[in-house]
Amino acid sequence: MRNIVIALSLLLSLSLFGGGGVVECQAQTQQKRVVVLDAGHGNPRPGKVQKQVREADYVLDVAKQVRQILATRTESLDVYLTRSCDSSYHATQSVDNRMRAEFANKKGADLYVGIHANAHQKPTVNGCEVWVLTLNEKLMNQNDNVAARYADEGDFIDAKDLDRSSMGFMMALARQLENEPYSRYFAEECCKNMSSYGLKNLGVKAGPVFTVLYYFEGPGVIVELGYLTNESDYNYLTSKNAKKEMATAIADAIISYFKALDGNSAEVVADVAQEPQQEAQSEVKVLDEGYTIQLISSMHSVDVNDYQFKSYKGKVRELIGTGKYKYKYCYGTYSTSAEAQGALKEVRATFKDAYVVYFKGGDIVKK
Ligand SMILES: [Zn+2]
């Protein structure tokens, strides 16, 4: 994002001022990075209230501490809070979320970090997690994920309400494709850091379309610090050092994110794509025709090494089917339907909506 702005201003200054533009360009590239920290909720919406803890207050304290820590550790960041008191932007939650995104856009934020504490109907659910935006059709429809976290109405855009042919959606999709590797890189760092203080690492999640991430124009995440509804998370989060530790975890992630980005932004993306799965290296025999497991489908061609396929790295193939979402991403080849069904169960642990299809060469066909 910012790189594009810098590149454009370089072009402009070169064409307008000739050689003098180079100096201006150097000054521009040294510009500070901008981070927007968004403490979730705020009066009249307290977020989750659990015993003495009001989520809105808790996350505001954490956001303020993140800013403080960053101020002592680096001079290369401009850090803004969306709110510094117990007040939201707008009475309507969906408008409120959009206004937070617009605030971050106006500040030219290179990174947006929403901060929340979590809640669940089941008191046994615990751990920290970080959400990123996906506009991937299959993932978007996994709205079970929504129920798994505490949300006010308007926190999400219902996937059914999105007009996929609209210009607004196309632009949001283009932004998401560009920003997602960066958001995920940051999200992974943040999860790792938070869990180093003893919280269970639930990892990076995607699925619901967060209103604020949909309208924000750069890499952004929603951090969930832990479950206030779980006894062990609650005890940790209300312990003496927890706010400072969570703030340190987020601040460390921000610093290492920009360090990686300043080193080589291509590396950030490569790192993310490369991460795990040694077992994926083993030889796989690929049939020319047979059954395969479709993981997701997409309107646009997706890199088979994309981060979302990390569990099956090196084993995902792009096949072509019919319909608007004609790019199908598939795993495995099987000569019988029974074999494919046998493998499906494990695949569904990662790709909930995966199913068995028949293929011939590079196409999905009806059997
Ligand atoms: Zn919240």
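How are the donor residues of the zinc ion spaced in sequence? Keep that in mind as you explore this predicted model.

**Stop 1: the zinc ion.** Three residues coordinate the zinc ion: His41 through NE2, Glu55 through OE and His116 through ND1, at 2.0 to 2.1 Å. Along the sequence, these donors follow the pattern H-x13-E-x60-H, which answers the opening question. His41 sits in the loop between β1 (33-39) and β2 (49-50), while Glu55 belongs to helix α3 (residues 55-73), so this pair ties together parts that are 14 residues apart in sequence.

**Stop 2: His41.** Now select His41 by itself. Is His41 buried or exposed? His41 counts as buried because its relative accessibility is 3%, and buried means under 20%. Next, check the backbone: phi of His41 is near 65 degrees, a positive value in a residue that is not glycine.

**Stop 3: Asn43 and Pro44.** Stay in the loop between β1 and β2, where you will find Pro44. Select Asn43 along with Pro44 and look at the peptide bond that joins them: this bond is cis, with omega near 10 degrees.

**Stop 4: Lys51.** Finally, move on to Lys51, in the loop between β2 and β3 (53-54). Lys51 is not a glycine, yet it has a positive phi of about 45 degrees. Does Lys51 count as buried or exposed? Lys51 counts as exposed, because its relative accessibility is 59% and the cut-off for exposed is over 50%.

Notes
Residues are numbered from 1 along each chain as its sequence is written. This is a predicted model: local features need pLDDT of at least 70, side-chain atom pairs count only at pLDDT 80 or more; totals for chains, interfaces and linings use all residues. Side-chain values use heavy atoms; hydrogens and water are left out. Donors are N, O and S atoms within 2.8 Å of the metal (3.2 Å for Na, K and Ca); water is not among the atoms, so sites may look incomplete. Helices (H or I, at least four residues) and strands (E, at least two) are DSSP runs, numbered from the N terminus. Buried means under 20% relative accessible area, exposed over 50%, partly exposed in between (1.4 Å probe, protein chains only).
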